[in-house]
Amino acid sequence: MTKSANIHVRIDPDTKIRTEELFSSFGITMSDAIIMFLRKSLMVGGLPFDVVHPRYNAETEAAVLETKKILAEQLPTKVFTSLDEFYADIEAENDEI
């Protein structure tokens with residue numbers, strides 16, 4: 001099939017360079033990779049990968065939420081003057097659990 005249609009994509013230079021290097025390691029060009037993506041999309045009837053928000057375990061999500069609250073100054077922050085003081089606080093919290 002004759003290639004006669006063009007697609008113009010704007011992308012940051014670093015991503016372009018890094019993906020060109022990656023695709024080159026497979027012996028293909030950026031155009032080849034885009035064509036492969038488009039054909040695979042047609043084969044599967046959609047994007048050829050899952051589009052989802054990253055999910056983390058409950059402990060990680062709780063830590064992220066706590067950090068966001070601290071950054072928003074909704075939670076008091078603790079200041080420690082030594083590692084011993086820090087570890088003592090952790091042990092006290094674990095004893096409460």
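Predicted model: local features only at pLDDT ≥ 70, side-chain atom pairs only at ≥ 80, totals over all residues.
Student: What kind of pair do Phe80 and Phe86 make?
Tutor: Edge-to-face, because the ring planes of Phe80 and Phe86 stand at 80° and the cut-off is over 60 degrees. The ring centres are 5.4 Å apart.

Student: Which residues form the aromatic cluster?
Tutor: Phe80, Phe86 and Tyr87 form one cluster.

Student: How accessible are Phe80 and Phe86?
Tutor: Phe80 has 29% relative accessibility, so Phe80 counts as partly exposed. Phe86 has 32% and also counts as partly exposed.

Student: Now Val79. Where does Val79 lie?
Tutor: In the loop between α3 (58-71) and α4 (83-96).

Student: Is Val79 buried or exposed?
Tutor: Exposed, with a relative accessible area of 70%.

Student: What separates the C-alpha atoms of Val79 and Val64?
Tutor: 19 Å, with the two residues 15 apart along the chain.

Student: Switching to pockets. How much space lies in the largest pocket?
Tutor: About 750 Å³.

Student: How many residues line the largest pocket, and which lie nearest its centre?
Tutor: The lining has 22 residues. Ile7, Ser31, Ile34, Ile35 and Leu38 lie nearest the centre.

Student: Which elements give two or more residues to that lining?
Tutor: α1 (13-25) and α2 (30-44). The largest share is from α2, with seven residues.

Student: How do the lining residues divide into nonpolar, polar and charged?
Tutor: Ten are nonpolar, seven polar and five charged.

Key: Residues numbered from 1 in each chain as written. Heavy atoms only, no water. Phe/Tyr/Trp six-rings, centres within 6.5 Å; stacked < 30°, edge-to-face > 60°. Buried < 20%, exposed > 50% of the residue type's maximum accessible area, 1.4 Å probe, protein only. Helix = DSSP H or I, 4+ residues; strand = E, 2+ residues; numbered from the N terminus. 1 Å grid on protein atoms, 1.4 Å probe; cavity = no way out; pocket = protein on both sides within 12 Å on 5 of 7 lines; lining within 4 Å. Points joined across faces, edges and corners; volume = space filled by probe spheres on them. Nonpolar A, V, L, I, M, F, W, Y, C, P; charged D, E, K, R; others polar.
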